[in-house]
Amino acid sequence: MSSTEDHEALRAPALTAGARRILDVASELFYRCGIHAVGVDTIAAESGITKRTLYNRFGSKDRLVEAYLQARHHAWWELMERRVAASPGSGVLALWDSYTENVDFSERGCAFINAAGELPADHPAHRVVRAHKRAVRRHLEALVRADHPGIAGPEAAANLVFLLLEGAITHHGIGDDPDLLRRAREAAERLLRDERAVLR
């Protein structure tokens, strides 16, 4: 899929104040409790609105899940861009650190990986998950090229760093090794320092 199509998949809907309230409540519940575990009755009750109002604003729970992931993408992307811009060192590692700076990340791991694990393959929100991950991967490559202009195989280097990152955050969500993110970050740093480690 092209970056233009991914941009469209990640486009956040324009929301009224009431719809924003519904989305904020749903987002917190989806992330904390899981998408399947949270029904529209619960979201409506927690939002202080009727189910009819929820459906009028979003059309369906599936569309609300899409909007949740789109909003999550934009919130994280803004955090990441601020972190990279403020970093005096590696942009790649600053992007990496954006995951751990997310205040609720330590509780449940990556919202996109969690959603992908819960939703069937034909769920419309999968396009948002895939678009988000491709956007992160593309940005990683741009940062590798900027940080290491002489590196051999920047695309291959970005792929390896991306795989390290994805593996680390997936296992972080499982919670079986609290030190895994740090060790994976160190491995990524070593990989970028040693061009011979990069697959061509």
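These legends go with a few close-up views of a predicted model. Numbering starts from 1 along each chain as its sequence is written, and side-chain values use heavy atoms, with hydrogens and water left out. Because the model is predicted, local features need pLDDT of at least 70 and side-chain atom pairs count only at pLDDT 80 or more, while totals for chains, interfaces and linings use all residues.

**View 1. Confidence across the protein.** The mean pLDDT (the predictor's confidence in each residue, from 0 to 100) is 89, and 92% of the residues reach at least 70. Helices here are DSSP runs of H or I, at least four residues, numbered from the N terminus.

**View 2. The lining of the largest pocket.** Helices H1 (3-10), H5 (61-86) and H9 (126-147) each bring at least two residues to this lining, and H1 gives the most, with 4. Look for Ser 3, Asp 6, His 7 and Leu 10, as well as His 73, His 74 and Trp 77, among the lining residues. By type, the lining splits into 4 polar, 3 charged and 3 nonpolar residues.

**View 3. Helix H6, mostly covered.** In H6 (residues 91-101), 9 of the 11 residues are buried (under 20% relative accessible area, 1.4 Å probe, protein chains only). Trp 96, Asp 97 and Tyr 99 are among them. At the start of H6, a side-chain oxygen of Ser 90 comes to within 3.2 Å of the backbone nitrogen of Val 92, itself a buried residue.

Conventions
On a 1 Å grid over the protein atoms alone, a cavity is a set of points where a 1.4 Å probe fits but cannot get out, and a pocket is an open set with protein on both sides within 12 Å along at least five of seven lines; lining residues have an atom within 4 Å of a point. Ala, Val, Leu, Ile, Met, Phe, Trp, Tyr, Cys and Pro count as nonpolar, Asp, Glu, Lys and Arg as charged, and the others, Gly among them, as polar. Buried means under 20% relative accessible area, exposed over 50%, partly exposed in between (1.4 Å probe, protein chains only). A polar contact is a pair of N or O atoms within 3.5 Å; within protein, one must be able to donate a hydrogen and the other to accept it, and residues adjacent in sequence count only if both atoms are side-chain atoms.
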